[in-house]
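Dear colleague,

Please find below the structure that I am handing over to you.

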Amino acid sequence: EVQLVESGGGSVQAGGSLRLSCAGSGYTYIFAYRTLCLAWFRQAPGKEREGVSSIYIGDSNTHYADSVKGRFSISRDNADNAVSLQMNSLESEDTAMYYCAASIAGSDHSCPLLGDYYDYWGQGTQVTVSS
């Protein structure tokens with residue numbers, strides 16, 4: 001069974017930084033880490049879930065939502081079968097529950113920022129940015 005566990009959330013003032021991590025387990029029993037799309041989504045109260053960033057582990061190709069481009073950076077951590085999200089220049093609008101998601105990559109390795117694409121989800125970690 002694939003399990004994803006997020007960590008690193010917290011409270012920070014606007015302009016500050018946080019680094020989220022998502023540790024995965026169970027991959028080797030089902031599929032190789034390198035075949036995965038890993039992504040971060042977020043959901044604020046009263047708002048729809050939003051795709052933030054994704055990475056294809058096989059070649060580290062990344063995607064970002066326009067709202068976080070230039071501020072957030074996604075990276076893989078092969079040692080822990082994990083993915084991290086470095087968040088800089090945080091804004092109050094970034095306040096949300098952040099979720100890690102995983103899926104086997106399709107043949108085009110596109111890793112879209114679409115929730116329905118992902119089969120496995122973590123429980124989430126809260127990020128609160130105060131202005």
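C37 and C111 form a disulfide, with their sulfur atoms 1.9 Å apart; the term is used here for a pair of cysteine sulfur atoms within 2.5 Å. Please note that this is a predicted model, in which local features need pLDDT of at least 70 and side-chain atom pairs count only at pLDDT 80 or more, while totals for chains, interfaces and linings use all residues. Residues are numbered from 1 along each chain as its sequence is written, and side-chain values use heavy atoms, with hydrogens and water left out.

The link of C37 and C111 is left-handed, with -80° about the S-S bond. It joins distant parts of the chain, 74 residues apart: C37 belongs to strand β4 (residues 36-43), and C111 to the loop between β9 and β10 (120-121). Strands are DSSP runs (E, at least two residues), numbered from the N terminus. C37 is buried, at a relative accessible area of 0%, and C111 is likewise buried at 0%; buried means under 20% relative accessible area, computed with a 1.4 Å probe on protein chains only.

The structure holds two disulfides. In the other pair, the sulfur atoms of C22 and C100 are 2.1 Å apart. The torsion about the S-S bond of C22 and C100 is about -80°, so this disulfide is left-handed. Here, too, distant parts of the chain are linked: C22 in strand β3 (residues 18-25) and C100 in strand β9 (residues 96-104) are 78 residues apart. C22 is buried, with a relative accessible area of 2%, and C100 is buried with 0%. When the bonded cysteines of the protein chain are numbered in sequence order, the pairing reads 1-3, 2-4.

Leaving aside neighbours within four places in sequence, M87 is in contact (heavy atoms within 4.5 Å) with G16, S17, L18, L20, R71, F72, Y98 and V127.

With kind regards

Terms used
Helices (H or I, at least four residues) and strands (E, at least two) are DSSP runs, numbered from the N terminus. Buried means under 20% relative accessible area, exposed over 50%, partly exposed in between (1.4 Å probe, protein chains only).
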